[in-house]
Amino acid sequence: MSVKELLAEHGTPEREVYFDHENSGWVPPEVVEAMLPYFNKRGYGHPSITNKPGWEAYEVIWEARKLLAEALGISSPDEVVFTHSGTEANNLAILGTALASKGRGGKIIVSAVEHLSVIFPAEFAARLTGMDVIKVPVDEEGFVDPEVLATYVSKDTVLVSVQLVNHEIGTIQNIRELAKVVKDINPDALFHTDACDALGRVNIDVRELGVDLLTVSSHKILGPKGVGALYVRKGVRLEPIVKGQLSTQTLWPGVENVPAIAGFRKALELALRDLRTRKYEIARLRDKLIDGLLSEVPHTLLNGPRGDRRSPDNVNVSFLYVEGEALTVELSLKGIYVSSGSACTSRVLEPSHVLLAIGRKHEEAHGSILFRLTRYHSEEDVEYVLSRVPEAVSRLRRISSLKPS
Ligand SMILES: Cc1ncc(COP(=O)(O)O)c(C=O)c1O
């Protein structure tokens with residue numbers, strides 16, 4: 001029986017709670033509202049053409065750049081480049097830097113727990129330019145140790161990329177310290193941070209962090225899919241990796257997705273407001289969910305750190321002796337929508353590279369489940385999860401061949 005047939009046979013669950021905002025999410029009505037006019041009422045023109053609908057479109061892009069600049073401590077909106085995803089922004093940062101310094105040798109350093117949209121372009125850049133790629137190990141909570149990073153940095157380091165918040169286990173890296181370590185050894189090395197999972201969860205100021213390049217993505221803050229952005233500090237030289245087409249931007253040609261940029265701007269406004277007002281409440285729900293799962297479900301491990309070193313919205317646990325994939329289906333029947341591992345790996349039976357990097361065994365990584373909380377989740381949602389998950393895990397364990405030894 002397919003998953004679709006299974007869900008149909010089970011009928012409507014008592015409650016539906018969506019926790020898969022890591023992979024992609026539900027878009028709030030205010031954000032959809034903000035996008036609608038730009039399909040056919042105004043600003044539907046090409047933003048680089050000087051007719052009225054074109055100017056209006058340009059204004060949308062400029063206003064969104066301005067808000068991003070204000071939110072992230074960026075000195076000028078000109079330093080914000082829109083792409084069509086976080087993946088594209090990461091590719092531009094890594095490949096653009098490597099190609100701009102092609103012929104000079106050197107190395108690119110990334111952490112072992114980066115999103116694949118950083119790791120794969122770093123490996124590709126190495127094949128294109130002959131540079132070396134080095135993956136820096138992390139500790140059992142996912143942190144890069146500045147002293148360990150320092151041992152890899154040298155005068156020929158071209159770029160270092162370490163994410164601000166991990167997308168699977170919520171580890172908040174001390175980017176300020178890591179960037180300082182790199183610049184102290186080699187002031188010419190560029191520092192990039194992938195902040196896709198940090199935006200709206202932690203305060204970000206590029207000057208305080210000391211980074212040259214920083215990536216964000218709209219759908220990670222309940223904005224629409226189809227927009228990402230890269231902060232490129234003035235003076236940083238990147239080779240455009242996409243060529244051609246009319247655009248207001250030279251680093252990422254191709255007409256901008258104006259309705260989605262309008263939606264991203266609205267989502268950012270809401271995320272910044274809630275970062276001030278609801279962050280602690282979300283963290284409280286996170287801790288209630290973590291504590292409840294660890295105490296109610298035997299043989300359960302928390303992946304990643306606790307407290308304020310963990311993103312306020314992230315709960316990632318491994319239920320031993322259970323296949324995470326099977327549990328996502330079992331929980332779907334109860335209206336609880338979660339993911340196992342990250343989106344990029346969840347359709348492949350490869351354990352998450354992030355969980356392996358923090359020292360989890362294959363079987364522990366396979367039993368991992370990720371819950372992402374948002375400002376729209378309530379105490380009742382968390383209680384509903386805690387009332388259903390223990391029974392779902394026990395049922396799967398009863399029929400599983402993976403037994404405690
Ligand atoms: C840390 C991180 N970086 C990059 C991306 C890629 O962003 P997008 O889905 O917009 O391509 C994601 C998305 O899951 C992410 O979590």
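**Ground rules.** I number residues from 1 along each chain as its sequence is written. The model being predicted, local features need pLDDT of at least 70 and side-chain atom pairs count only at pLDDT 80 or more, while totals for chains, interfaces and linings use all residues; side-chain values use heavy atoms, with hydrogens and water left out.

**Domains.** I looked up the division of the chain: domain 1 is 3–19 + 279–399 and domain 2 is 29–273, with bounds from an automatic or database domain assignment. Their C-alpha centres lie 29 Å apart. I find 27 residues of domain 1 in contact with 26 residues of domain 2, contact meaning heavy atoms within 4.5 Å. The area buried between the two domains is about 2100 Å², and carbon and sulfur atoms give 56% of that. Buried area here is the accessible area (1.4 Å probe) that two parts lose on being put together, summed over both.

**Helix 5 and helix 6.** Helices are DSSP runs (H or I, at least four residues), numbered from the N terminus. I checked helix 5 (residues 86–100) against helix 6 (residues 116–129): the axes come within 9 Å and cross at roughly 25 degrees. Helix 5 is therefore roughly parallel to helix 6. Axes are lines fitted to C-alpha atoms over the stretch in contact, with angles from 0 to 180 degrees between N-to-C directions; under 35 degrees counts as roughly parallel. The crossing is right-handed, that is, the near helix is turned clockwise from the far one by less than a right angle. Among the residues that meet are Ile-94 and Leu-95 in helix 5 and Phe-124 and Leu-128 in helix 6. By class I note ten nonpolar, five polar and no charged residues. Ala, Val, Leu, Ile, Met, Phe, Trp, Tyr, Cys and Pro count as nonpolar, Asp, Glu, Lys and Arg as charged, and the others, Gly among them, as polar.

**Helix 4 and helix 10.** Helix 4 (residues 52–72) and helix 10 (residues 258–277) have axes that come within 9 Å and cross at roughly 30 degrees. This makes helix 4 roughly parallel to helix 10. I record the crossing as left-handed. The contact includes Glu-63 and Leu-67 of helix 4, and Arg-265 and Glu-269 of helix 10. Its residues divide into 13 nonpolar, no polar and three charged.

**Helix 11 and helix 15.** I then took helix 11 (residues 279–296) and helix 15 (residues 379–399), which pack at about 15 degrees with axes 10 Å apart. They are therefore roughly parallel to each other. Their crossing is right-handed. Residues that meet include Arg-284, Lys-288 and Gly-292 in helix 11, and Glu-379 and Glu-383 in helix 15. I note eight nonpolar, one polar and five charged residues in this contact.

Conventions:
Helix = DSSP H or I, 4+ residues; strand = E, 2+ residues; numbered from the N terminus. Parallel < 35°, antiparallel > 145°, perpendicular 65-115°, else oblique.
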